[in-house]
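Here are my notes for a first look at this one. Have the model open while you read, and take the points in order.

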Amino acid sequence: MVRPRRIRRIFFKPNVTYFKPAGVPLRNLKEVILSFDESEALRLIDIEGMEQNEAARKMEISQPTLSRLLKYGRRKLADAVINGPVSYTHLRAHETSLHL
């Protein structure tokens with residue numbers, strides 16, 4: 001049996017929900033979903049400059065889990081920038097706890 005997923009603490013809500021290349025209609029693009037927990041991991045490490053252990057403690061997850069979130073989030077962002085799909089941020093309420 002799989003153990004239940006820990007609730008991840010999120011301390012911000014993005015103001016922008018879509019990123020897309022200029023001049024390309026949405027119907028011509030594929031969608032890439034960047035979850036709130038991936039966004040929070042990217043924000044804490046890449047923008048706030050936290051160490052992974054500190055960011056993991058703040059989100060109440062393990063450092064290896066944070067590392068996976070960074071890996072997947074960075075891959076999605078690189079794909080969006082280089083290949084031009086839409087990147088959409090969304091919240092799955094059952095696994096994320098917002099602390100605004």
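1. Start with helix 2 (residues 52-59), where Ala55, Ala56 and Met59 are buried. Buried here is under 20% relative accessible area, exposed is over 50%, and partly exposed lies in between (1.4 Å probe, protein chains only). As a reminder, an α-helix has 3.6 residues a turn, so residues three or four places apart point the same way.

2. Before going further, some ground rules: this is a predicted model, in which local features need pLDDT of at least 70 and side-chain atom pairs count only at pLDDT 80 or more, while totals for chains, interfaces and linings use all residues. Residues are numbered from 1 along each chain as its sequence is written, and side-chain values use heavy atoms, with hydrogens and water left out. Helices (H or I, at least four residues) and strands (E, at least two) are DSSP runs, numbered from the N terminus.

3. What do the buried residues of helix 2 pack against? Their partners are strand 1 (8-10), helix 1 and helix 3 (63-83), with contact meaning heavy atoms within 4.5 Å.

4. Take the helix 1 side next. Helix 1 (residues 36-47) packs with helix 2 at an angle of about 140°, and the axes are 10 Å apart. Axes are lines fitted to C-alpha atoms, for helices over the stretch in contact, and angles run from 0 to 180 degrees between N-to-C directions. The two helices are therefore oblique to each other: angles under 35 degrees count as roughly parallel, over 145 as roughly antiparallel, 65 to 115 as roughly perpendicular and the rest as oblique. On the helix 1 side you'll find Asp37, Glu40, Ala41, Leu44 and Ile45, and they meet Gln52, Ala55, Lys58 and Met59 of helix 2. That contact divides into 5 nonpolar, 1 polar and 3 charged residues. For those classes, Ala, Val, Leu, Ile, Met, Phe, Trp, Tyr, Cys and Pro count as nonpolar, Asp, Glu, Lys and Arg as charged, and the others, Gly among them, as polar.

5. Have a look at the loop between helix 1 and helix 2, where Met50 sits. Met50 is buried, with a relative accessible area of 17%. Leaving aside neighbours within four places in sequence, Met50 is in contact with Leu44, Ile45, Ala55 and Lys58.

6. Now for helix 3. The axes of helix 2 and helix 3 come within 9 Å and cross at roughly 100°, and that makes helix 2 roughly perpendicular to helix 3. Gln52, Asn53, Ala55, Ala56 and Met59 in helix 2 meet Gln63, Leu66, Ser67, Leu69 and Leu70 in helix 3. This contact has 6 nonpolar, 4 polar and no charged residues.

7. Helix 1 also packs with helix 3, at an angle of about 95° and with axes 8 Å apart.

8. Of the 100 residues, 37% count as buried.
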